[in-house]
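Here's a quick tour of one protein model, written for someone new to reading structures. Have a look at the structure first, then work through the notes below.

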Amino acid sequence: MNVRAAAANVLFQVVDKGHSLSHALPAAQKTIRPRDHALLQEICYGALRYLPRLESIAGQLMDNPLKGKKRVFHHLILVGLYQLSFMRIPSHAAVAETVEGTKTLRGPSLSGLINAVLRSYLRDQEALDAFAVSHNAGLYAHPSWLLKLLQEAYPQQWQAIIEANNSKAPMWLRVNRQHHSREAYLALLDSEQIEYTVHPQAADAIKLASPCDVTLLPGFDRGWVSVQDAAAQLAVDYLQPQNGELILDCCAAPGGKTAHILEHTQDTEVVAIDSDATRLERVYDNLERLQLRADVICGDARYPEEWWQGEQFDRILLDAPCSATGVIRRHPDIKWLRRASDIEALAELQSEILDAMWKQLKIGGTLVYATCSITPQENSEQIKAFLARTPKAQLIDSDPEQPGRQILPGEQDMDGFYYAVLRKQA
């Protein structure tokens, strides 16, 4: 398939049909040549980052919007505009390849329209770009509800958060200390002339100067290293798993934190539970590559009696379902798939899971509550409410008035993440 046509299909699936980018993109990659995968990803991610800006420009250049069966061609126009606005592809090639995409999409009669729109943009690019950023949607590339939430929650930092959300995410690695220390693995990267920096707190984290194919990483296929953001790697520091313990990773898919716990311990029984059987397949895949073993269970975390009849756990990592507003730079579709009403519903679900998991924790045990969200409702306010209704819960190493640690997107080049450590008293 023509790459631009494939990209238009992805945008159509995400924006119009509400499918996630992580679902639509891999499906589209199967229809194109492997050497074009990176180009397809760049176009799709970029167009979703700057969707309101591209929509604004398209609206100025078209008298009537494309509707119904022609909607995919509207997204083909956005694909063309993104290339002309943000990519280094020569203009004539970007226009020609985008117009060629009409044949793949079985709409050759629209080739003239798409050619005219893109060439009109090239003629008046400066004025059209200025108009596109003259309103908040185009300037900040965030939906109004999310922009308002960020401004209210982070009056001093919201602009930095917006900038981080609209940037490309770095590639962080997690060294498997069962095989190498971080220093030993750095030597392997040096031998391959792969440039990097290390994280000052996450002891296994390495940031590559430029993302690369995992097949180029020393020992990736043998489980020596994994791809995981440094913020997610901090989970093991807050959990502090010990050898020989019974540990639950709740809402575990795709299994990165499960594996990290196992990499840090010996003779530890780790139970990984998630309600999504499809996503659990990735847990199995990760454990197999890393040559690690966990008890993987498909079940609803709100009802542990349905899937667990064993002892209470020494430690529980509750990586709660959340809005994922901390990882927008990795998943730009989140901005357009989430709704303001989702936050309240997610907070209620988190509360139910937190109460259920607390009952599964031993006296003296540790529960780490984590999300990849930056909304106070899902994080600090969630923990405040839990502490108020749970007398035996002791907050560890943070202020009860502002419980836990909120990592904002871009902080030390990490994703946005939240952690709160709770201990169960007798």
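Helices (H or I, at least four residues) and strands (E, at least two) are DSSP runs, numbered from the N terminus. Keep in mind that this is a predicted model: local features need pLDDT of at least 70, side-chain atom pairs count only at pLDDT 80 or more, and totals for chains, interfaces and linings use all residues. Residues are numbered from 1 along each chain as its sequence is written, and side-chain values use heavy atoms, with hydrogens and water left out.

- Most residues other than glycine have a negative phi, and most peptide bonds are trans.
- Q193 isn't a glycine, yet it has a positive phi of about 55°; you'll find Q193 in the loop between α12 (182-191) and β2 (196-198).
- Q193 counts as exposed because its relative accessible area is 74% (buried means under 20%, exposed over 50%, partly exposed in between, with a 1.4 Å probe and protein chains only).
- Q291, also not a glycine, has a positive phi of about 60°, and sits in the loop between α16 (277-290) and β7 (295-298).
- Q291 has 61% relative accessibility, so it counts as exposed.
- A253 and P254 are joined by a cis peptide bond with omega of about 10°, and P254 is in the loop between β5 (246-250) and α15 (256-263).

- The unreviewed UniProt entry annotates residues 161-425 as "domain: SAM-dependent MTase RsmB/NOP-type"; UniProt positions are given in the numbering used here, feature names are shortened, and annotations may be inferred rather than shown by experiment.
- In the model, residues 161-425 are 30% helix and 23% strand, and the end C-alpha atoms of that span lie 37 Å apart.
- Is C372 buried or exposed? With 17% relative accessibility, C372 counts as buried.

**Rings and a charge**

- There are eight aromatic pairs (rings of Phe, Tyr and Trp, using its six-membered ring, pair if their centres lie within 6.5 Å; planes under 30 degrees apart count as stacked, over 60 as edge-to-face and the rest as tilted).
- One of them is the stacked pair of Y50 and F86, at 4.5 Å centre to centre with 15° between the planes.
- That pair links distant parts of the chain, 36 residues apart: Y50 is in the loop between α3 (37-49) and α4 (51-61), while F86 is in helix α5 (residues 71-86).
- Y50 is partly exposed because its relative accessibility is 22%, and F86 is partly exposed because its value is 30%.
- Y50, Y82 and F86 are linked into a cluster by ring pairs.
- The charged end of R289 sits over the ring of F220, 4.0 Å from its centre (NZ of Lys or CZ of Arg must be within 6 Å of the ring centre and within 35 degrees of the ring normal).

- On a 1 Å grid over the protein atoms alone, a cavity is a set of points where a 1.4 Å probe fits but cannot get out, and lining residues have an atom within 4 Å of a point.
- Which residues line the largest cavity? They are R177, A202, A203, D204, Q233, V236, D237, H260 and H264.

Terms used
1 Å grid on protein atoms, 1.4 Å probe; cavity = no way out; pocket = protein on both sides within 12 Å on 5 of 7 lines; lining within 4 Å.
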